[in-house]
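Please read them alongside the sequence and the model.

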Amino acid sequence: MAGGAREVLTLQLGHFAGFVGAHWWNQQDAALHERTDSQEQPGELCPDVLYRTGRTLHGQETYTPRLILMDLKGSLSSLKQESGLYRDKQLDAAIAWQGKLTTHKEELHPKNPYLQDLLSVEGVLSSDGIWRVKSISNGKGPKPLTTAATPEPLIPTEGSIRVWSDFLRVHLHPRSICMIQKYNHDGEAGRLEAFGQGESILKEPRYLEELEDRLHFYVEECDYLQGFQILCDLHDGFSGVGAKATELLHDEYSGRGIMTWGLLPGPYTLGQEPQKNIYRLLNTAFGLVHLSAHSSLVCPLSLGGSLGLRPEPPVNFPHLRYDATLPFHCSAILATALDTITVPYRLYSSPVSMVHLADMLNFSGKKVVTAGASIPFPLGPSQSLPDTLMQLGVATPWTPLSACGDPSGTHCFAQSVVLRGLDKACHTSRLTPGTPLPSLLHACSTGEEVLAQYLQQQQPRARSSSHLLLTPCKVVPPYPCLFSSSLSPQGLVLDNATGAGESIPVLGALCSSSSLNRALGDLAEELTKLNLRRWASFMDAGVEQDDLGELLQDLRSLAQCYQHGDSLMD
């Protein structure tokens with residue numbers, strides 16, 4: 001391990017969390033192999049923060065995510081729980097019995113057809129398990145996708161992806177995967193659908209000991225563990241699993257950072273499956289309150305427009321064409337945002353520790369934050385960063401990703417902003433000396449000054465931290481082809497182009513925002529209107545009536561932390 005790495009252990013809890021995680025590990029893996037193949041010097045991001053080195057029984061060096069993953073029976077598809085990376089092939093081949101032998105061979109679960117399509121359309125899978133992009137000369141290429149606002153019929157290949165293991169391309173350590181056998185991923189029966197069910201899982205000695213064993217394995221090999229990041233489904237029973245997991249981490253690893261990303265899949269229809277929608281509301285509310293009690297910071301992540309029952313259209317990205325009903329698409333976008341907003345504690349040089357990042361954002365009880373991203377960042381080929389930011393004016397420069405409504409007109413108390421993937425020549429003004437400056441941004445001498453000045457102009461009373469990186473975000477297969485034809489292969493915005501290539505520039509932000517006052521308050525208000533006698537099954541799963549009363553009080557108290565005017569300057 002590289003000296004000075006401040007390690008982070010990731011917990012992935014739930015099936016949609018698996019989708020987001022698979023895309024995120026794939027993106028990091030693509031960036032890592034690009035540097036390895038080109039023999040570049042270490043980049044701006046330190047992979048040792050999230051990855052670990054190891055050796056197989058035969059001395060082969062491995063590099064795998066520092067990850068504990070919990071999901072339900074039936075979610076692994078063709079992936080083996082124990083992983084094939086550390087398998088002793090010689091031991092497997094040794095047969096002590098010298099008599100007659102009959103061999104029964106079990107066929108592996110077939111790979112998803114989408115991966116077969118990728119082999120012929122977008123890339124090839126080499127013997128080392130890495131996707132290699134190849135040019136498309138037959139003119140077929142991926143079919144155009146829909147926008148979030150105007151969905152068209154699903155693309156059969158991408159629509160057929162039901163499990164994250166279908167497109168995960170990185171090796172996992174044998175201690176990474178922990179399957180919950182008592183609940184099913186598919187089917188109507190045996191579902192993990194309520195917060196109380198999730199809490200009870202980690203009250204069972206079997207699963208609690210299994211989690212603790214994996215935690216001790218990864219933590220004890222770290223030189224300096226800065227903390228934990230948790231990707232947790234909020235909409236189902238995994239919100240309860242996450243609540244118990246954060247409580248365990250908070251008690252056993254006091255002083256370490258705990259960053260929790262609460263994940264919600266795409267849009268829903270209120271008239272269909274009312275129980276599922278009510279459960280989603282209750283799980284989200286219980287999850288946010290309990291996770292914030294034991295985490296350093298909690299950030300809901302969703303492409304939906306609202307946390308409540310009233311359906312809102314999915315968010316719109318001007319240069320993305322995605323189908324909001326496909327977890328494969330939604331999770332890719334959220335993974336790209338996650339890969340950007342987590343940059344501060346993954347840097348090689350002058351990293352901001354997870355604890356310090358949380359402390360900057362969570363003052364005065366503001367444990368919940370919102371996220372936003374501009375994917376890709378809309379820089380034209382002849383523009384500089386000051387030109388683009390000046391054109392944005394007073395508009396919020398990113399699309400909201402926390403289902404807390406339109407951020408326009410809201411107050412920001414603190415923010416952490418990362419802009420990555422712009423060529424250094426674009427960072428400052430390109431105006432000829434002597435030309436009148438269109439804005440103060442054009443007078444800045446570095447890109448870092450440009451970004452800091454812009455954030456100061458946008459939110460003059462907010463505490464701001466910003467980072468500017470040259471490293472773009474990788475979007476190679478099996479990342480879906482979401483980019484509109486207005487993008488160049490470098491991800492720049494053009495009038496006529498063929499779509500983004502292998503990487504794009506991204507702007508990402510974490511904000512402590514007054515929009516949470518309305519979002520959390522509305523969530524509490526909707527809960528007060530529920531007739532819980534109709535949803536007794538949720539309470540039967542392990543939640544008491546008194547728990548709901550406490551939940552409402554905690555939600556309202558949390559919402560009050562974000563009243564406008566409550567800021568550091570005040």
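This is a predicted model: local features need pLDDT of at least 70, side-chain atom pairs count only at pLDDT 80 or more; totals for chains, interfaces and linings use all residues.

1. S350 is exposed, because its relative accessibility of 60% is over the 50% cut-off. The residue is found in the loop between α9 (327-341) and α10 (354-361).

2. Is A403 buried or exposed? A403 is buried, because its relative accessible area of 5% is under the 20% cut-off. A403 sits in the loop between β12 and β13 (412-420).

3. Two cis peptide bonds deserve a look. One joins I375 and P376, with omega about -10°; P376 belongs to the loop between β11 and α11 (385-392). Another joins P477 and P478, with omega about 10°. P478 lies in the loop between β15 (473-474) and β16 (503-504).

4. Strand β4 (residues 67-73) is largely enclosed by the rest of the structure, because six of its seven residues are buried. Which strands pair with β4? Strand β1 (residues 7-13) pairs with β4 in the parallel sense over four bridges, and L11 has I68 of β4 as its bridge partner. Strand β7 (residues 177-184) also pairs with β4 in the parallel sense, over five bridges. Here L69 stands opposite I177 of β7.

5. There is an open sheet of five strands, in the order β12-β11-β17-β13-β14, and its pairing is mixed. Its edge strands are β12 (399-400) and β14 (463-469), each of which pairs on one side only. Strand β11 (residues 370-374) runs antiparallel to β12, and two bridges join them. The bridge partner of A373 in β12 is T399.

6. D546 counts as exposed because its relative accessible area is 62%, over the 50% cut-off.

Technical notes
Residues are numbered from 1 along each chain as its sequence is written. Side-chain values use heavy atoms; hydrogens and water are left out. Buried means under 20% relative accessible area, exposed over 50%, partly exposed in between (1.4 Å probe, protein chains only). Two strands pair if DSSP finds at least two bridges between them.
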